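User: Hi, I have a structure open and would like to talk it through. Can we keep it quick?

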Amino acid sequence: MSSKYDVLVIGGGNAALCAAISARRGGASVLVLEGAPKFYRGGNTRHTRNMRCAHDAATEILTGPYTEEEFWEDLLRVTGGQTNEVLARHMIRESKDILNWIVEQGVRWQPSLGGTLSLGRTNSFFLGGGRAMLNALYLTAERLGVAVEYDAEVIDLVIEDGMFLAARLQRPVKGQSEVRAGALVAAAGGFEANIEWLKQYWGEAADNFLIRGTPYNRGSILKMLLDKGVQEVGDPTQCHAVAIDARAPKFDGGIITRHDSVVFGIVVNKHAQRFYDEGEDLWPKRYAIWGRLVAAQPDQIAYIIFDSTVVTSFMPTLFPPIAGQTIAELAGKLALDPAALEQTITEFNAAVRPGTFDHTILDDCVTEGITPPKTHWARRIETPPFLAYPVRPGITFTYLGTRVNKEARMLMKDGKPSANMFAAGEIMAGNVLGKGYAAGMGMTIGSVFGRIAGREAAKHARN
Ligand SMILES: Cc1cc2nc3c(=O)[nH]c(=O)nc-3n(C[C@H](O)[C@H](O)[C@H](O)COP(=O)(O)OP(=O)(O)OC[C@H]3O[C@@H](n4cnc5c(N)ncnc54)[C@H](O)[C@@H]3O)c2cc1C
């Protein structure tokens, strides 16, 4: 069995749907191949809540302007300069238009959630979350006449001299078939759900990683493209990784397993030692480093420790905190050395200086004389019951990807642009994110480059 379309989109998340809609609006016939069954369609996008876009003025749901320059400075800071400035600035400029474009595709916004997020000015929240956002995009795509196949895993790509010719897919009942297309948009995510691939860079430690999103993002399309001559971009060990509850499932635990309580307490490793400044910067700019920090600790486990005065300050997660009336009792429940934990907390408490606590700003609650310091939001841990969350690295998505240009067109190893292959979303996130992360950028990368990829793919295919 074989079929032919103008544009083939591989993937079923935000990047794929933005590309499919954009290509269809550009006049192309479009097929979307989603490897997951219909209920699980939409990859990691299902778990999302918001997107970061530049805007010059407050909107109905955004509390103030977030200029292109401020977005760029944030990106520069979180990546430590490891970004492609041309592509990043292009993405930021285009993100301004995405705020309206995505609404034209049926997505609705809602005001920011509160708590530790501090995103009310910069990030737009999807009304109903990522699944609702996806439902709107699928509905629009289908209304426009985009064909969608679920349970349709692409298992091979036919590429000759940088030109995509066809894809082979495997379906549970229908078996194998081939699709030919005038252009390809690869939007099949990173390789975060492929533990064996992660192990190539992280060794046995990767066995202790939990994967926050879809088990379907195994990086198979990324690998095929790199094996068939596409230029890679990004460091394979770089990824978005947060601290999630150690009791979370291996895959797909989603947002409800993430702990946003770090700034309210301290974090210790299995030797009951602190290892990093828990108050370095506002949480949206720091939450994404904690996965890597925990990954570097012995046995890839750590414990967020706080006391009963802060329990209502952050979003409750799926798992209740572990409690003890004394530090020693808590240590026993966590299998930590009680004397070591008592000493760490005593030293920390003694180092806390008086200040005015405010988690929404870089406040003046600091420690003095301990290493590592806690440079904001430092308050004594002294009111029982004492509480803890065990945490492990929760891998969100990887940054190794396919190199692209401003048209979202993939570049081949010889530096030449591919004739008809485009990429969007996680699969090319490393072009913009060399390391680090600012909340809401995953969806910006997918929407902006998805829209561009679809438009350019349609243009190519129709010429
Ligand atoms: C818990 C969680 C919360 C997050 N929250 C946010 C947030 O609020 N804001 C934000 O910006 N980002 C967030 N992210 C990151 C965000 O999810 C991603 O950056 C974004 O969804 C990526 O979109 P995508 O389309 O590139 O990939 P995905 O949405 O992951 O889609 C990839 C698709 O490719 C399909 N696929 C893979 N291999 C194949 C194959 N061989 N054949 C066919 N199909 C295949 C998969 O089934 C999947 O549907 C979050 C991630 C997680 C896990």
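User: Which way does helix 2 cross helix 3, left-handed or right-handed?

Analyst: Helix 2 passes helix 3 in a right-handed crossing. Keep in mind that this is a predicted model.

User: What is the angle between helix 2 and helix 3, and how far apart are their axes?

Analyst: The angle is about 135°, and the axes are 10 Å apart. Helix 2 covers residues 68-79, and helix 3 covers residues 85-104.

User: What do you call helix 2 relative to helix 3 at that angle?

Analyst: Oblique. Angles over 145 degrees would count as roughly antiparallel, and 65 to 115 as roughly perpendicular. The angle here is about 135°, so helix 2 is oblique to helix 3.

User: Why give both an angle and a distance?

Analyst: Because two packed helices are described by the angle between their axes and the distance between the axes.

User: Which residues meet there, between helix 2 and helix 3?

Analyst: From helix 2, E68, E69, F71, W72 and L75. From helix 3, E85, A88, R89, M91, I92, R93, S95 and K96.

User: How many of those contact residues are nonpolar, polar and charged?

Analyst: The contact of helix 2 with helix 3 has 6 nonpolar, 1 polar and 6 charged residues.

User: New topic: strand 16. How many of its residues are buried?

Analyst: 13 of its 13 residues are buried. Strand 16 spans residues 386-398.

User: Which way do strand 10 and strand 16 run, parallel or antiparallel?

Analyst: Parallel, joined by 2 bridges. Strand 10 is residues 210-211. L210 stands opposite G394 in strand 16.

User: And strand 12 with strand 16, parallel or antiparallel?

Analyst: Antiparallel, over 7 bridges. Strand 12 is residues 239-245, and D245 stands opposite V391 in strand 16.

User: How many bridges pair strand 14 with strand 16?

Analyst: 6 bridges, in the antiparallel sense. Y303 stands opposite P390 in strand 16.

User: What about strand 15 and strand 16: how many bridges?

Analyst: 3 bridges, and the pairing is antiparallel. G324 has F386 in strand 16 as its bridge partner.

User: Last one: N14. Where does N14 lie?

Analyst: N14 lies in helix 1, residues 14-25.

User: Is N14 buried or exposed, and why?

Analyst: Buried. Buried means under 20% relative accessible area. N14 has 2%, so N14 counts as buried.

User: What does N14 touch?

Analyst: Leaving out residues up to four places away in sequence, N14 touches T45, M133, L134, L137, M443, G446 and S447.

Definitions and conventions. Residues are numbered from 1 along each chain as its sequence is written. This is a predicted model: local features need pLDDT of at least 70, side-chain atom pairs count only at pLDDT 80 or more; totals for chains, interfaces and linings use all residues. Side-chain values use heavy atoms; hydrogens and water are left out. Helices (H or I, at least four residues) and strands (E, at least two) are DSSP runs, numbered from the N terminus. Buried means under 20% relative accessible area, exposed over 50%, partly exposed in between (1.4 Å probe, protein chains only). Contact means heavy atoms within 4.5 Å. Axes are lines fitted to C-alpha atoms, for helices over the stretch in contact, and angles run from 0 to 180 degrees between N-to-C directions. Angles under 35 degrees count as roughly parallel, over 145 as roughly antiparallel, 65 to 115 as roughly perpendicular and the rest as oblique. A crossing is left-handed if the near helix is turned anticlockwise from the far one by less than a right angle, and right-handed if clockwise. Ala, Val, Leu, Ile, Met, Phe, Trp, Tyr, Cys and Pro count as nonpolar, Asp, Glu, Lys and Arg as charged, and the others, Gly among them, as polar. Two strands pair if DSSP finds at least two bridges between them.
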